[in-house]
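Good morning, colleagues. I would ask you to look at the model on the screen while I go through a few of its side-chain arrangements.

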Amino acid sequence: MKESNARLGILLMVATTFVFAMQDGISRHLAGEYNVLMVVMIRYWFFAAFVTALAARKAGGLRAAAATRQPWLQSFRAVLLVAEICVAIWGFTILGLVESHAVFACYPLLIAALSGPVLGESVGWRRWAAIGVGFVGIVVILEPGFGVFQPAAIIPLVSALMFALYGLLTRYAARRDSAATSFFWTGTVGMVAMTAVGAWFWEPMSGGDWAWMGLLCLTGAGGHYLLIKTYEVAEASVVQPFAYFQLVFASVMGVILFGEVIRTNVAVGAAIIVAAGLFTFWRERQAR
């Protein structure tokens with residue numbers, strides 16, 4: 001891979017994380033005013049239109065994008081992701097962006113831990129050690145035993161576990177389906193599932209918040225588009241470590257826009273988790 005491609009891929013990944021952080025900030029605002037299920041439902045309407053438009057432009061059109069030999073797996077992936085998004089946004093409204101993202105940053109470690117039982121991959125002792133260190137970081141953030149432990153602190157950990165499983169199932173689905181097919185099923189099935197649930201929780205929305213909703217839809221589609229372009233120009237192992245910038249951007253937004261505070265234990269725990277995650281990326285690249 002050319003050095004210029006690597007640099008472009010890194011810049012695109014940083015831009016992607018910024019757009020996704022914006023999306024999380026807008027989601028936190030809207031979910032604080034309206035039902036989470038309704039917010040995610042409207043977002044998925046636009047997302048489904050986006051993936052359908054992309055599929056229609058590719059060779060074979062919608063028929064080729066929808067063709068799969070594993071419809072149950074693809075459907076489960078889609079429902080799992082939309083459920084994870086609901087859990088994550090719910091966590092934003094309760095814990096804020098800073099603490100939610102600090103804990104959620106452990107998802108690469110969960111992927112490494114689950115890659116053995118789910119995909120049959122070998123995980124060496126060094127990566128297991130990094131996973132253990134990462135979970136020490138989670139304990140530092142959650143502070144069990146100090147004061148009154150809040151069960152709500154588990155929400156971002158559940159979200160991270162769901163997202164890690166989604167990522168592993170996506171890799172499993174890629175053995176028989178193209179990325180375009182998985183992306184199409186993610187958007188369309190997710191939209192159907194979310195509409196079936198979210199329609200029951202419809203609330204009137206003010207004109208100003210409709211503008212925020214429109215921006216939420218644009219950032220969602222824009223972030224996915226940037227991510228696609230990132231992986232087109234650079235290898236995943238090169239750009240993936242820079243995905244941690246989303247933690248930085250989201251934390252800055254949480255402090256500036258929502259008056260959140262970065263507690264010392266959260267900063268230390270997040271640093272431990274990120275360091276462990278970067279080590280697992282490095283070991284995976286060495287193994288390849």
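By contact I mean heavy atoms within 4.5 Å. Leaving aside residues up to four places away in sequence, S100 touches G91, F92, L95 and P156. Please note that this is a predicted model, in which local features need pLDDT of at least 70, side-chain atom pairs count only at pLDDT 80 or more, and totals for chains, interfaces and linings use all residues. Residues are numbered from 1 along each chain as its sequence is written, and side-chain values use heavy atoms, with hydrogens and water left out.

To stay with S100: this residue is found in helix 5, residues 97–104; helices here are DSSP runs of H or I with at least four residues, numbered from the N terminus. Is S100 buried or exposed? S100 is buried, with a relative accessible area of 3%; buried means under 20%, exposed over 50%, and partly exposed in between, using a 1.4 Å probe and protein chains only. Its side chain reaches the backbone oxygen of G96 at 2.7 Å.

The term denotes a side-chain nitrogen of Lys or Arg within 4 Å of a carboxyl oxygen of Asp or Glu. The whole structure has 2 of them. In one, R28 pairs with E260, with the closest N and O atoms 3.0 Å apart. R28 lies in helix 1 (residues 3–33) and E260 in the loop between helix 12 and helix 13 (264–287), so the pair ties together parts 232 residues apart in sequence. R28 is buried at 18% relative accessible area, and E260 is buried at 13%.

In the other, R263 meets E99 at 2.9 Å, N to O. R263 is partly exposed at 31% relative accessibility, whereas E99 is buried at 19%.

Let me turn to the aromatic rings. Rings of Phe, Tyr and Trp (its six-membered ring) pair if their centres lie within 6.5 Å; planes under 30 degrees apart count as stacked, over 60 as edge-to-face and the rest as tilted. The whole structure contains 12 such pairs. One of them is stacked: the ring centres of W45 and W202 are 6.3 Å apart, with planes at 20°. This pair links helix 2 (residues 36–57) to the loop between helix 9 (179–198) and helix 10 (207–233), 157 residues apart.

Technical notes: Helix = DSSP H or I, 4+ residues; strand = E, 2+ residues; numbered from the N terminus. Polar contact = N/O pair within 3.5 Å; in protein donor to acceptor, adjacent residues only side chain to side chain.
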